[in-house]
Amino acid sequence: MFLNMVLVVLTDLAARCLGNTVFRQHFHLLLSAVVMFGPALSLWVSQHSVFAKRSHFLYRMFLRSGWGWTCIFVGSFVFLLSFSIRRSLSLSIRHLSRLGVAGGLWLGFCKVLDLLENATGSCYEPLLASPEVTNGQPLLVLREGESKSVCLKAGMLWRGYEVSEDVFLLCLCCLLLAEETAVFGPYLSLGGISDAPLRILFLFCVLLLGLWIFLLLCLLAYFPQFPTQLLGGALGCLSWRGLYQGWYRLGPSWCCPGRPGLGLLNTKSSCADAEDTKLSHDAIN
């Protein structure tokens with residue numbers, strides 16, 4: 001009983017925060033500020049910290065499969081929320097299709113960025129045994145005709161036009177989580193049924209959002225790479241704006257899944273239509 005009360009209090013507080021109009025309108029600006037000024041944290045953090053090692057558990061467990069974790073928790077929450085309200089499998093699949101669209105966009109951009117890096121980059125072999133060293137760095141010999149994968153497997157260096165895929169993914173996942181979970185606050189205010197499984201999934205989504213923001217700060221502070229991280233963050237924000245602030249506003253159709261909460265918040269009471277209209281107005285703003 002006590003744990004259930006704690007769960008209700010925490011989820012109500014988080015839902016009120018994520019569903020707040022001010023938060024929804026300015027979260028992308030906050031994330032942009034983090035990406036722009038986050039590398040300045042490298043002046044204060046210790047390079048001997050456990051988070052300064054790429055082999056850390058959080059990087060290996062979550063960062064390398066960030067999209068999978070996001071799909072598991074957000075997909076489960078979206079499906080359970082939509083199906084518990086409407087009992088319509090087709091409607092639930094339509095809302096889940098937003099994750100598929102975002103995933104396809106992420107994979108497509110990753111392929112394009114990989115092709116761009118291969119086309120603009122070059123492979124260099126460091127001469128570790130060479131007595132000629134400049135500024136403490138060994139001389140580099142250009143190796144022509146090598147692809148990036150072959151170059152890195154051989155232990156050589158690849159230099160090319162690069163966009164941080166990790167920052168791109170984290171920014172896109174943060175914005176997606178904020179959009180998909182924002183509907184829970186208006187749903188609760190309408191008196192929607194919120195049993196323990198739904199609240200637990202929502203809480204996991206909130207914790208995952210906090211974890212992605214923390215990992216983003218760690219990458220910016222311990223592994224600063226300008227301007228590749230800035231470009232990755234910009235690409236993530238542009239992807240979110242194109243989807244949630246552009247395409248999804250067109251309304252549900254065979255070619256558009258619609259915005260989060262559409263068709264779900266107009267039940268339970270006579271004032272629900274007004275609340276759904278308010279949610280649409282907030283999303284547009």
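The charged end of R54 sits over the ring of F223, at 4.6 Å from the ring centre. A charge is taken to sit over a ring if NZ of Lys or CZ of Arg is within 6 Å of the ring centre and within 35 degrees of the ring normal.

The model is predicted, and local features therefore need pLDDT of at least 70, side-chain atom pairs count only at pLDDT 80 or more, and totals for chains, interfaces and linings use all residues. Residues are numbered from 1 along each chain as its sequence is written, and side-chain values use heavy atoms, with hydrogens and water left out.

**Overall organisation**

The secondary structure comes to eleven helices and four strands. Helices (H or I, at least four residues) and strands (E, at least two) are DSSP runs, numbered from the N terminus. Of the 285 residues in the protein, 42% are buried; buried means under 20% relative accessible area, exposed over 50%, and partly exposed in between (1.4 Å probe, protein chains only). Among contacts between residues at least 6 apart in sequence, 75% join residues at least 24 apart, where contact means heavy atoms within 4.5 Å.

**Aromatic pairs**

The structure holds 16 aromatic pairs. Rings of Phe, Tyr and Trp (its six-membered ring) pair if their centres lie within 6.5 Å; planes under 30 degrees apart count as stacked, over 60 as edge-to-face and the rest as tilted. The pair of F51 and F214 is edge-to-face, with 5.3 Å from centre to centre and 80 degrees between the planes. Because F51 lies in the loop between α2 (21–37) and α3 (57–63) and F214 in helix α9 (residues 196–222), this pair ties together parts that are 163 residues apart in sequence. F51 is partly exposed at 22% relative accessibility, and F214 is partly exposed at 32%. Elsewhere, ring pairs link F57, F62, W69, F73 and F204 into a cluster.

**Helix α1**

Helix α1 (residues 2–18) has 17 residues and reaches 24 Å from its first C-alpha to its last, close to the 24 Å expected at 1.5 Å a residue. The expected span is 1.5 Å times one less than the number of residues in the helix. The buried residues of α1 are L7, T11, A14, A15 and L18. They cover an arc of only 100 degrees around the axis, which puts them on the same side of α1; the arc is that of the directions from the helix axis to the C-beta atoms. An α-helix has 3.6 residues a turn, so residues three or four places apart point the same way. The buried residues of α1 pack against α2, α7, α8 (184–189) and α9, whereas the face turned away from the buried side carries the exposed residues F2, V9, L13 and R16.

**The surroundings of H95**

H95 lies in helix α5 (residues 89–120) and is buried, with a relative accessible area of 2%. The side chain of H95 reaches the backbone oxygen of L262 at 3.2 Å, a polar contact (a pair of N or O atoms within 3.5 Å; within protein, one must be able to donate a hydrogen and the other to accept it, and residues adjacent in sequence count only if both atoms are side-chain atoms). Leaving aside neighbours within four places in sequence, H95 is in contact with V78, S82, R259, G261, L262 and L264.

**Loop residues**

| Residue | Relative accessibility | Class |
|---|---|---|
| G160 | 34% | partly exposed |
| R87 | 62% | exposed |
| P224 | 40% | partly exposed |

G160 belongs to the loop between β4 (157–159) and α7 (165–181). The C-alpha atoms of G160 and L116 are 8.7 Å apart in space, although the two residues are 44 apart in sequence. Beyond neighbours within four places in sequence, G160 is in contact with T120 and G121.

R87 is placed in the loop between α4 (66–86) and α5. Its phi is near 55 degrees, a positive value in a residue other than glycine.

The loop between α9 and α10 contains P224. A separation of 8.5 Å lies between the C-alpha atoms of P224 and A40, which are 184 residues apart along the chain. When neighbours within four places in sequence are left aside, P224 is in contact with P39, S42, L219 and Q229. P227 is also found in the loop between α9 and α10 (228–244), and the peptide bond from F226 to P227 is cis, with omega near 5 degrees.
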